[in-house]
Amino acid sequence: SALTVGWLPLADAPALHRDVAALARPLGCRQVQLSHHLCHDADDLIGDPARAARARETVAAYRAAGQSVWCWTHEVRLPPAACVRAGRLDFDDPALWSALEAKYARFFTTVLPGIDGLVLTFAETDFPVYQDGQVDGGGTPAQRTARLANALQAICRRHGKRLAIRDFVYRRSEIEAMAEALAACDDDIVIMSKCVPHDWHPFYPVNPLLGRTGHKEQWIEFDFGHEYEGQHLYPYAEVEANLERLRHAYACGVKTVLVRLDRAVRFLGRSALHAPWGRLELLTVQRFAADPRVEAEAIWNEWERTQFPGARRLVEDATKAVQLMLFPHEFWYADHSRLPTWDYAATHLVDGNADRLPVWTGHALHREREWLFRTMPAAWRDELEREAAQALALVQACRRRLEAAPSDAAAPWQDGLRQLELWMDLFARHRRAYFLIEYARRHAHGAQADEIAAAIDDLASACALAEPELASAMLEHEPATANFARVIDSLRRASPLAPASPMPT
């Protein structure tokens, strides 16, 4: 095999792990990583003996299934209180370093001794050392990042473990400091990079840190749990785009591909392993790992033979519909596959806590679209309406393809297609209300109050009607419908014109 394939099952669910252990090796997987709900930080297991015991059983099962096993952690997390003054971490305090030494000595010897390696992330933790915001001392962000990585590498080496570090950041300005930090890291440290530069977004460019690790081994991570594209509630799969990213990574010297299988929510039988379209993406990686010259057509044909004639076109149409609807003109809009509140959409289409599409791509077209979202001329609002209509037409085409399929082959698809129809309809109505509000907020003579109120009422009614069918699904940490009331309320409050009216029951 040209590449090693690893899987990341994110949910803490025995049923998921049984299936992963049984199917990993037959489907070409050789490594499993414990992360998210299994172990986000080493402290999750250190502070919870029952959870740690479960994790040890999970590691043993994967090792028995012939897998190497790695575990995630995030640092700096829960440092000694004496190292923190006025909310800021003293990076040079010796107590910090002795505490890290003790923490991981305990982790490797008694908490989770069976793992092969540790995967360290610097973001999304108590004190991100790659930023200046909450940390004093230690030199530049790059110097702190490298020092922390090298310290953990020394601890790992003493205990016979390997270390991988994730180069995950939120802003383009942080990329060069991270590259500088990677260069100063021990060459035995593995660099684990997302295929994209920030979060999972189908229109982001390739991660600029791919191929920039010197002599260090580099791994690439993909999200086949589709955190932002439906979380396997409905069909979504990319073959050509994934092959393009894989080819780029391979040309950069990457020899290990890691794929997330699910989203860290309560496992209800939905993952890349359990959906026909998810198996398509796993097959893409499996075939590429065996032969990097493999063509998309061969993968599609092999997979479609296990489904029904027309399954390929259904997946292509569904995927296009989801991208058009959840990423208006390629921009970030949906809240982790949920309907967004007004403020979530407003801070993710432009601005917010991370750099957005135009900053990452530098494309003039994306800069122009950002300006259109900021100014919302009438023609742009109309164009966004047309885009949503195009997505709905593709969903109707998916229904026709499924109705033409043999009933036994179509059965596993019925629920997914129904979810697609319901969610795309709700998103279309949400977009209509949201962009009418945005137009009115920018133009004194814009949308009329009754038009906005009607659009919000229409969405509220559709949510109420769809709720019984959607109630059993999960998105993020709660039932998929749990935020409907929050969303409707946020739109009513954001409208500069719409009179307040209660949500229909």
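Modeller: pLDDT is the predictor's confidence in each residue, on a scale from 0 to 100. For this chain the average is 94, and 98% of the residues score at least 70. The model is predicted, so local features need pLDDT of at least 70 and side-chain atom pairs count only at pLDDT 80 or more, while totals for chains, interfaces and linings use all residues. Residues are numbered from 1 along each chain as its sequence is written, and side-chain values use heavy atoms, with hydrogens and water left out.

Colleague: Where does pLDDT stay under 50?

Modeller: Over residues 498-505. For that stretch the model has 18 contacts (heavy atoms within 4.5 Å) beyond four places in sequence.

Colleague: What makes the strands a barrel, and in what order do they come?

Modeller: Two strands pair if DSSP finds at least two bridges between them. Strands (E, at least two residues) and helices (H or I, at least four) are DSSP runs, numbered from the N terminus. Here 8 strands close into a barrel, in the order β1-β2-β3-β6-β8-β9-β10-β11, with parallel pairing. From one strand to the next the twist averages 25 degrees; axes are lines fitted to C-alpha atoms, for helices over the stretch in contact, and angles between N-to-C directions run from 0 to 180 degrees.

Colleague: How do you know that β3 and β6 pair?

Modeller: Strand β3 (residues 68-74) and strand β6 (residues 117-121) share 5 bridges in the parallel sense. At least two are required, so they count as a pair. Thr 73 stands opposite Leu 120 of β6. Helix α3 (residues 49-64) packs on the sheet, where it touches β2 (29-34) and β3, and its direction makes about 175 degrees with that of β2.

Colleague: What pairs with β6 through another 5 bridges?

Modeller: Strand β8 (residues 162-166), again in the parallel sense. Leu 120 has Ile 165 in β8 as its bridge partner.

Colleague: What makes β6 mostly covered?

Modeller: Buried means under 20% relative accessible area, exposed over 50%, and partly exposed in between (1.4 Å probe, protein chains only). In β6, 5 of its 5 residues are buried. Gly 117, Val 119 and Thr 121 point one way, while Leu 118 and Leu 120 point the other way.

Colleague: Which strands are the edges of the open sheet, and what makes them edges?

Modeller: The open sheet has 3 strands in the order β4-β5-β7, with mixed pairing. Its edges are β4 (84-85) and β7 (135-136), since each pairs on one side only. Strand β5 (residues 88-90) and β7 run parallel and are joined by 2 bridges. Asp 90 stands opposite Asp 136 in β7.

Colleague: How many disulfides does the model have?

Modeller: A disulfide is a pair of cysteine sulfur atoms within 2.5 Å. By this rule the count is 0. For Cys 156 the nearest cysteine sulfur is that of Cys 71, 11 Å away. Cys 185 is also in no disulfide, as the nearest cysteine sulfur, that of Cys 156, is 12 Å away.

Colleague: Why is Cys 156 called buried?

Modeller: Its relative accessibility is 0%, and the limit is under 20%, so Cys 156 counts as buried. Cys 185 has 6% and is therefore buried too.

Colleague: Is Pro 468 buried or exposed?

Modeller: Pro 468 has a relative accessible area of 66%, which is over the cut-off, so Pro 468 is exposed. Pro 468 is found in helix α16 (residues 449-470). Its C-alpha atom is 9.1 Å from that of Thr 481, 13 residues apart along the chain.

Colleague: Why is Gln 153 put in the buried class?

Modeller: Gln 153 has 4% relative accessibility, so the rule places this residue there. Gln 153 belongs to helix α5 (residues 141-158). Beyond four places in sequence, Gln 153 is in contact with Leu 163, Asp 186, Asp 188 and Ile 189.

Colleague: What makes a group of residues a nonpolar core?

Modeller: The members are buried Ala, Val, Leu, Ile, Met, Phe, Trp, Tyr and Cys residues, joined through side-chain atoms within 4.5 Å. The largest such core has 174 residues, and Trp 7, Phe 107, Ile 165 and Trp 423 have the most contacts inside it. Helix α15 (residues 407-442) gives the most to this core, with 18 residues. Another core lies apart from it, with 11 residues, among them Leu 8, Val 190, Trp 219 and Leu 258.
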